[in-house]
Amino acid sequence: METAYPDYTGNEDGIGERELLVVSFGTSYNDDRERTIGGIEQALEKEFGSEYAVRRGFTSGKITKLLKSRDNIVIDDVREALERAANNGVKILAVQPTHLMEGSEYHKMCTEIEKHAAAFDQVAVGKPLLSSWQDEKDVMEAVIQATAEDDDGDTAVCLMGHGTEALSNQVYTNMQELLSENGYKNYFVGTVEAEPALEDVLAQVKKGSYSRVVLRPFMIVAGDHANNDMAGDEAGSWQSAFAEAGYEVKCIVEGLGQLPAIQAVFVRHAKEAVSSLKE
(Lines give C-alpha, C1' and ligand atoms only; values in the text may rest on other atoms or scores of the structure.)
Protein backbone atom coordinates (compact mmCIF):
# COMPACT_ATOMS: atom_id res chain seq x y z
CA MET A 1 0.00 0.00 0.00
CA GLU A 2 1.27 3.46 -0.86
CA THR A 3 -0.12 6.73 0.48
CA ALA A 4 1.37 9.09 -2.06
CA TYR A 5 -0.24 12.47 -1.45
CA PRO A 6 -2.92 13.27 -2.40
CA ASP A 7 -4.37 10.42 -4.43
CA TYR A 8 -4.56 7.43 -2.08
CA THR A 9 -8.15 6.50 -1.24
CA GLY A 10 -7.82 2.97 0.13
CA ASN A 11 -10.84 1.65 -1.77
CA GLU A 12 -9.33 -0.64 -4.40
CA ASP A 13 -11.28 -3.74 -5.46
CA GLY A 14 -10.17 -7.32 -6.10
CA ILE A 15 -8.54 -7.72 -2.71
CA GLY A 16 -9.08 -11.33 -1.67
CA GLU A 17 -10.96 -12.85 1.24
CA ARG A 18 -9.29 -11.03 4.16
CA GLU A 19 -9.53 -7.32 4.78
CA LEU A 20 -8.32 -4.98 7.50
CA LEU A 21 -10.52 -1.90 7.30
CA VAL A 22 -8.98 1.13 9.00
CA VAL A 23 -11.74 3.51 10.09
CA SER A 24 -10.97 7.15 10.84
CA PHE A 25 -13.02 10.28 11.36
CA GLY A 26 -11.10 11.81 8.46
CA THR A 27 -9.63 15.22 7.68
CA SER A 28 -9.75 17.58 4.72
CA TYR A 29 -6.11 18.60 5.26
CA ASN A 30 -4.44 16.48 2.57
CA ASP A 31 -0.84 16.68 3.80
CA ASP A 32 -1.82 15.92 7.36
CA ARG A 33 -4.14 13.09 6.32
CA GLU A 34 -1.27 11.17 4.79
CA ARG A 35 1.10 11.87 7.70
CA THR A 36 -1.38 10.81 10.38
CA ILE A 37 -4.10 8.48 9.06
CA GLY A 38 -1.77 7.36 6.28
CA GLY A 39 1.01 6.78 8.78
CA ILE A 40 -1.20 4.53 10.89
CA GLU A 41 -2.37 2.65 7.81
CA GLN A 42 1.20 2.12 6.67
CA ALA A 43 2.16 0.73 10.08
CA LEU A 44 -0.78 -1.68 9.85
CA GLU A 45 0.15 -2.57 6.27
CA LYS A 46 3.67 -3.43 7.41
CA GLU A 47 2.30 -5.74 10.11
CA PHE A 48 -0.65 -7.34 8.31
CA GLY A 49 -0.17 -6.70 4.59
CA SER A 50 0.94 -10.23 3.78
CA GLU A 51 -2.39 -11.66 4.95
CA TYR A 52 -4.88 -8.79 4.90
CA ALA A 53 -5.75 -6.13 2.34
CA VAL A 54 -5.59 -2.85 4.27
CA ARG A 55 -8.35 -0.46 3.28
CA ARG A 56 -9.69 2.93 4.41
CA GLY A 57 -13.06 4.23 5.58
CA PHE A 58 -14.12 7.56 7.14
CA THR A 59 -16.98 8.15 9.56
CA SER A 60 -17.37 11.83 8.63
CA GLY A 61 -19.73 12.29 5.73
CA LYS A 62 -18.90 15.99 5.75
CA ILE A 63 -15.24 15.22 5.11
CA THR A 64 -15.88 12.68 2.33
CA LYS A 65 -18.24 15.06 0.55
CA LEU A 66 -15.78 17.95 0.80
CA LEU A 67 -12.89 15.89 -0.56
CA LYS A 68 -15.00 14.74 -3.48
CA SER A 69 -16.25 18.21 -4.40
CA ARG A 70 -13.01 20.10 -3.75
CA ASP A 71 -10.31 17.63 -4.82
CA ASN A 72 -12.18 14.89 -6.69
CA ILE A 73 -10.86 12.43 -4.10
CA VAL A 74 -13.39 9.69 -3.38
CA ILE A 75 -12.97 8.00 0.00
CA ASP A 76 -15.57 5.53 1.23
CA ASP A 77 -17.62 6.23 4.30
CA VAL A 78 -18.03 3.24 6.61
CA ARG A 79 -21.21 1.97 4.93
CA GLU A 80 -19.63 2.20 1.49
CA ALA A 81 -16.43 0.52 2.70
CA LEU A 82 -18.37 -2.39 4.22
CA GLU A 83 -20.51 -2.80 1.11
CA ARG A 84 -17.35 -2.70 -1.03
CA ALA A 85 -15.78 -5.41 1.14
CA ALA A 86 -18.86 -7.61 0.80
CA ASN A 87 -18.99 -7.08 -2.96
CA ASN A 88 -15.30 -8.01 -3.17
CA GLY A 89 -16.02 -11.36 -1.55
CA VAL A 90 -14.28 -10.63 1.73
CA LYS A 91 -14.95 -13.44 4.22
CA ILE A 92 -12.78 -12.40 7.15
CA LEU A 93 -13.09 -8.74 8.14
CA ALA A 94 -11.02 -7.02 10.83
CA VAL A 95 -11.78 -3.38 11.59
CA GLN A 96 -9.32 -1.09 13.36
CA PRO A 97 -10.58 2.38 14.28
CA THR A 98 -8.16 5.26 14.67
CA HIS A 99 -10.49 7.11 17.02
CA LEU A 100 -9.07 8.45 20.28
CA MET A 101 -11.80 6.96 22.47
CA GLU A 102 -15.13 5.15 22.47
CA GLY A 103 -17.05 8.31 21.63
CA SER A 104 -19.90 9.01 19.24
CA GLU A 105 -17.88 8.36 16.08
CA TYR A 106 -16.68 5.00 17.38
CA HIS A 107 -20.22 3.95 18.30
CA LYS A 108 -21.53 5.14 14.93
CA MET A 109 -18.94 2.89 13.30
CA CYS A 110 -19.94 -0.09 15.47
CA THR A 111 -23.61 0.39 14.59
CA GLU A 112 -22.81 0.33 10.88
CA ILE A 113 -20.66 -2.78 11.29
CA GLU A 114 -23.52 -4.57 13.08
CA LYS A 115 -25.82 -3.79 10.16
CA HIS A 116 -23.43 -5.46 7.70
CA ALA A 117 -21.93 -8.23 9.85
CA ALA A 118 -24.04 -10.96 8.27
CA ALA A 119 -22.28 -10.39 4.94
CA PHE A 120 -19.05 -11.84 6.35
CA ASP A 121 -18.05 -15.15 7.90
CA GLN A 122 -16.16 -13.44 10.71
CA VAL A 123 -15.82 -9.85 11.95
CA ALA A 124 -13.51 -8.50 14.64
CA VAL A 125 -13.27 -4.89 15.81
CA GLY A 126 -10.18 -3.39 17.44
CA LYS A 127 -10.19 -0.87 20.27
CA PRO A 128 -9.63 2.88 19.85
CA LEU A 129 -6.42 4.51 21.05
CA LEU A 130 -7.26 5.05 24.72
CA SER A 131 -8.97 1.89 25.92
CA SER A 132 -6.88 0.72 28.89
CA TRP A 133 -4.40 1.84 31.51
CA GLN A 134 -1.59 0.49 29.33
CA ASP A 135 -2.85 2.60 26.43
CA GLU A 136 -2.86 5.72 28.59
CA LYS A 137 0.69 5.01 29.74
CA ASP A 138 1.92 4.39 26.19
CA VAL A 139 0.24 7.55 24.89
CA MET A 140 1.63 9.62 27.75
CA GLU A 141 5.15 8.40 27.01
CA ALA A 142 4.68 9.14 23.30
CA VAL A 143 3.61 12.71 24.07
CA ILE A 144 6.47 13.24 26.53
CA GLN A 145 8.97 12.01 23.95
CA ALA A 146 7.48 14.22 21.23
CA THR A 147 7.71 17.35 23.42
CA ALA A 148 11.01 16.56 25.15
CA GLU A 149 12.96 19.39 23.52
CA ASP A 150 10.46 21.95 24.83
CA ASP A 151 10.30 20.57 28.38
CA ASP A 152 12.89 22.95 29.84
CA GLY A 153 11.35 23.67 33.25
CA ASP A 154 10.17 27.12 32.20
CA THR A 155 7.57 25.93 29.70
CA ALA A 156 3.98 24.78 30.13
CA VAL A 157 3.04 22.11 27.59
CA CYS A 158 -0.67 22.30 26.82
CA LEU A 159 -2.43 19.49 24.97
CA MET A 160 -5.66 20.37 23.18
CA GLY A 161 -8.18 17.56 22.74
CA HIS A 162 -11.51 17.64 20.97
CA GLY A 163 -13.82 16.73 23.84
CA THR A 164 -17.15 14.98 23.85
CA GLU A 165 -20.43 15.00 25.78
CA ALA A 166 -20.09 11.23 26.17
CA LEU A 167 -18.77 9.64 29.35
CA SER A 168 -15.58 8.81 27.48
CA ASN A 169 -14.58 12.47 27.93
CA GLN A 170 -13.04 11.13 31.13
CA VAL A 171 -9.95 10.13 29.11
CA TYR A 172 -8.73 13.74 29.26
CA THR A 173 -8.95 13.83 33.05
CA ASN A 174 -7.28 10.43 33.20
CA MET A 175 -4.39 11.70 31.07
CA GLN A 176 -4.00 14.81 33.22
CA GLU A 177 -3.90 12.71 36.37
CA LEU A 178 -1.41 10.27 34.87
CA LEU A 179 0.90 13.09 33.79
CA SER A 180 0.78 14.68 37.24
CA GLU A 181 1.31 11.39 39.05
CA ASN A 182 4.42 10.74 36.96
CA GLY A 183 5.94 14.12 37.76
CA TYR A 184 4.97 15.98 34.59
CA LYS A 185 3.25 18.79 36.44
CA ASN A 186 3.98 21.30 33.66
CA TYR A 187 1.73 19.37 31.26
CA PHE A 188 -1.91 20.43 30.97
CA VAL A 189 -4.77 18.77 29.08
CA GLY A 190 -7.86 20.57 27.82
CA THR A 191 -10.52 20.34 25.14
CA VAL A 192 -12.19 22.47 22.48
CA GLU A 193 -15.78 21.32 22.95
CA ALA A 194 -16.01 19.96 26.50
CA GLU A 195 -14.17 20.13 29.82
CA PRO A 196 -11.52 21.01 30.79
CA ALA A 197 -11.98 24.06 28.55
CA LEU A 198 -9.40 26.63 27.45
CA GLU A 199 -10.28 28.82 30.43
CA ASP A 200 -9.57 25.94 32.81
CA VAL A 201 -6.19 25.20 31.24
CA LEU A 202 -5.19 28.87 31.21
CA ALA A 203 -6.12 29.21 34.90
CA GLN A 204 -3.96 26.19 35.79
CA VAL A 205 -0.99 27.50 33.80
CA LYS A 206 -1.25 30.89 35.53
CA LYS A 207 -0.73 29.17 38.88
CA GLY A 208 2.80 28.31 37.78
CA SER A 209 5.79 30.51 37.03
CA TYR A 210 5.97 29.77 33.31
CA SER A 211 7.04 32.32 30.74
CA ARG A 212 6.54 30.11 27.72
CA VAL A 213 3.75 27.86 26.49
CA VAL A 214 3.86 25.05 23.92
CA LEU A 215 0.54 24.06 22.36
CA ARG A 216 0.06 20.66 20.75
CA PRO A 217 -3.13 18.90 19.58
CA PHE A 218 -4.15 15.83 21.56
CA MET A 219 -5.92 14.52 18.48
CA ILE A 220 -5.14 11.88 15.88
CA VAL A 221 -5.03 14.45 13.07
CA ALA A 222 -4.03 18.11 12.96
CA GLY A 223 -7.04 19.43 11.07
CA ASP A 224 -9.38 22.39 11.55
CA HIS A 225 -9.27 22.39 15.34
CA ALA A 226 -5.48 22.24 15.48
CA ASN A 227 -4.94 24.87 12.77
CA ASN A 228 -7.69 27.26 13.82
CA ASP A 229 -8.92 26.70 17.39
CA MET A 230 -5.41 26.01 18.65
CA ALA A 231 -2.89 27.74 16.38
CA GLY A 232 -5.12 30.37 14.74
CA ASP A 233 -4.54 34.11 15.10
CA GLU A 234 -8.19 34.98 15.61
CA ALA A 235 -9.58 35.99 18.98
CA GLY A 236 -10.61 33.00 21.06
CA SER A 237 -7.96 30.61 19.80
CA TRP A 238 -5.64 28.98 22.30
CA GLN A 239 -2.64 30.70 20.74
CA SER A 240 -4.27 34.12 21.03
CA ALA A 241 -5.49 33.54 24.59
CA PHE A 242 -2.06 32.55 25.89
CA ALA A 243 -0.33 35.35 23.96
CA GLU A 244 -2.75 37.90 25.40
CA ALA A 245 -1.97 36.53 28.85
CA GLY A 246 1.68 37.43 28.31
CA TYR A 247 3.19 34.08 27.39
CA GLU A 248 5.60 33.32 24.58
CA VAL A 249 3.67 30.75 22.54
CA LYS A 250 4.90 27.96 20.28
CA CYS A 251 2.41 25.84 18.34
CA ILE A 252 3.25 22.31 17.21
CA VAL A 253 0.63 21.48 14.58
CA GLU A 254 1.16 17.73 14.45
CA GLY A 255 -1.46 15.04 14.99
CA LEU A 256 -0.81 12.13 17.31
CA GLY A 257 -1.25 9.77 14.38
CA GLN A 258 2.11 10.63 12.88
CA LEU A 259 4.02 9.50 15.99
CA PRO A 260 5.45 5.95 15.57
CA ALA A 261 4.71 5.17 19.23
CA ILE A 262 1.04 6.00 18.68
CA GLN A 263 0.94 3.94 15.50
CA ALA A 264 2.35 1.04 17.53
CA VAL A 265 -0.63 1.20 19.91
CA PHE A 266 -3.03 0.84 16.99
CA VAL A 267 -1.01 -2.08 15.66
CA ARG A 268 -1.24 -3.74 19.07
CA HIS A 269 -5.01 -3.26 19.14
CA ALA A 270 -5.36 -4.66 15.62
CA LYS A 271 -3.30 -7.70 16.63
CA GLU A 272 -5.69 -8.30 19.53
CA ALA A 273 -8.68 -8.10 17.18
CA VAL A 274 -7.12 -10.38 14.56
CA SER A 275 -6.11 -12.94 17.21
CA SER A 276 -9.79 -13.34 18.13
CA LEU A 277 -10.60 -14.60 14.64
CA LYS A 278 -10.77 -18.32 14.01
CA GLU A 279 -8.30 -19.88 11.64
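1. Contact here means heavy atoms within 4.5 Å. Ala, Val, Leu, Ile, Met, Phe, Trp, Tyr, Cys and Pro count as nonpolar, Asp, Glu, Lys and Arg as charged, and the others, Gly among them, as polar. Helices (H or I, at least four residues) and strands (E, at least two) are DSSP runs, numbered from the N terminus.

2. A word on the basis of this note. The model is predicted, so local features need pLDDT of at least 70 and side-chain atom pairs count only at pLDDT 80 or more, while totals for chains, interfaces and linings use all residues. Residues are numbered from 1 along each chain as its sequence is written, and side-chain values use heavy atoms, with hydrogens and water left out.

3. The axes of helix 4 and helix 5 come within 10 Å and cross at roughly 30°. Axes are lines fitted to C-alpha atoms, for helices over the stretch in contact, and angles run from 0 to 180 degrees between N-to-C directions. Helix 4 and helix 5 are therefore roughly parallel to each other. Angles under 35 degrees count as roughly parallel, over 145 as roughly antiparallel, 65 to 115 as roughly perpendicular and the rest as oblique. The crossing of helix 4 with helix 5 is right-handed. A crossing is left-handed if the near helix is turned anticlockwise from the far one by less than a right angle, and right-handed if clockwise.

4. Helix 2 (residues 37-48) packs on helix 11 (residues 260-275) at an angle of about 45°, and their axes are 9 Å apart. That makes helix 2 oblique to helix 11. The crossing of this pair is right-handed. Helix 2 makes the contact with Gly 39, Ile 40, Ala 43, Leu 44, Glu 47 and Phe 48, and helix 11 with Gln 263, Phe 266, Val 267, Ala 270, Lys 271 and Val 274. By class, there are eight nonpolar, two polar and two charged residues in the contact of helix 2 with helix 11.

5. Helix 6 (residues 133-146) and helix 7 (residues 170-181) have axes 10 Å apart and pack at an angle of about 65°. That makes helix 6 roughly perpendicular to helix 7. The crossing of helix 6 and helix 7 is right-handed. On the helix 6 side are Trp 133, Glu 136, Lys 137, Val 139, Met 140 and Ile 144, which meet Asn 174, Met 175, Leu 178 and Leu 179 of helix 7. Seven nonpolar, one polar and two charged residues make up this contact.

6. The largest pocket has a volume of about 850 Å³. On a 1 Å grid over the protein atoms alone, a cavity is a set of points where a 1.4 Å probe fits but cannot get out, and a pocket is an open set with protein on both sides within 12 Å along at least five of seven lines; lining residues have an atom within 4 Å of a point. Of the 33 residues that line the largest pocket, Phe 25, Glu 105, His 162, Met 219 and His 225 are the closest to its centre. Helix 3 (61-71), helix 5 (104-116) and helix 9 (224-230) are the elements that give two or more residues to this lining. By class, the lining has 14 nonpolar, 14 polar and five charged residues.

7. The second largest pocket holds about 320 Å³ of space. Of its 19 lining residues, the closest to its centre are Gly 61, Thr 64, Asp 76, Asp 77 and Glu 80. Helix 3, helix 4 and helix 5 each supply at least two residues of the lining, and helix 5 gives the largest share, five residues. The lining of the second largest pocket divides into six nonpolar, four polar and nine charged residues.

8. Two local features of the backbone remain. The peptide bond from Glu 195 to Pro 196 is cis, with omega near 0°, and Pro 196 is in the loop between strand 6 (187-191) and helix 8 (198-206). Asn 72, a residue other than glycine, has a positive phi, near 60°. The place of Asn 72 is in the loop between helix 3 and helix 4.

Notes:
Points joined across faces, edges and corners; volume = space filled by probe spheres on them.
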